[in-house]
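Please consult the sequence and the structure shown here alongside the text.

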Amino acid sequence: MSPESLNTLAMGMVLRKKNIALPNLQRLTTPLFNAKTVILERVLTGNPALYADLLTQNSYLEELAGLYQEVLRELKIKIEDRDREGLAAILTDTKLIL
C-alpha cells in the first residue's frame, strides 16, 4: 500500500467520523476532489483484508503515519491561528517537490 492509499484511508476515516456521505459532497467540491473520491471509493469498496495486509506489511508506513501526525499537527496550528501567510509559506515550500 502506498502513501496515497494511507492518505485515502485517512480521508475516508475523517469523512466517516464527521458522518459525511460522498454523494452529499459532490455538489460542494472541486473537480480535483471529485477525482480523489473515485480513488476513495475504489479503496473502500475493495477487499478490506487485502488492504489491511498491505498496510501492516509495508515497513515504510509506520514512519509515514508518524510524519502525517506531525504535518497535520503543524497544519492544525496554522489553521487555528488563521495564519494565512504561514499556510502560504508551507504551500510554497512544499511546491519544491515538483
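The model is predicted: local features need pLDDT of at least 70, side-chain atom pairs count only at pLDDT 80 or more, and totals for chains, interfaces and linings use all residues. Residues are numbered from 1 along each chain as its sequence is written, and side-chain values use heavy atoms, with hydrogens and water left out.

**Salt bridges**

Side chains of opposite charge can pair when their charged atoms come close. A salt bridge is taken here as a side-chain nitrogen of Lys or Arg within 4 Å of a carboxyl oxygen of Asp or Glu. By this rule, the count is two.

| Salt bridge | Closest N and O atoms |
|---|---|
| Lys76 with Glu80 | 2.5 Å |
| Asp83 with Lys78 | 3.5 Å |

Lys76 and Glu80 both belong to helix α5 (residues 61-80), where they stand four residues apart and are therefore separated by about one helical turn. Helices are DSSP runs of H or I with at least four residues, and strands are runs of E with at least two, numbered from the N terminus. Lys76 is partly exposed at 49%, and Glu80 is partly exposed at 49%. In the other pair, Asp83 is partly exposed with a value of 23%, and Lys78 is partly exposed with a value of 23%.

**Loop residues with positive phi**

Asn19 is not a glycine, yet its phi is positive, at about 60 degrees. Asn19 is placed in the loop between α1 (3-17) and α2 (22-25) and is exposed, with 63% relative accessibility. Arg82, also a residue other than glycine, has a positive phi near 55 degrees. Arg82 lies in the loop between α5 and α6 (84-94), and its relative accessible area of 69% makes it exposed.

**Contact of α5 with α6**

The axes of α5 and α6 come within 8 Å and cross at roughly 145 degrees. Axes are lines fitted to C-alpha atoms, for helices over the stretch in contact, and angles run from 0 to 180 degrees between N-to-C directions. Which residues of α5 meet α6? Glu74, Leu75, Lys78 and Ile79 in α5 meet Gly86, Leu87 and Ile90 in α6, contact meaning heavy atoms within 4.5 Å.

Note on methods:
Buried means under 20% relative accessible area, exposed over 50%, partly exposed in between (1.4 Å probe, protein chains only).
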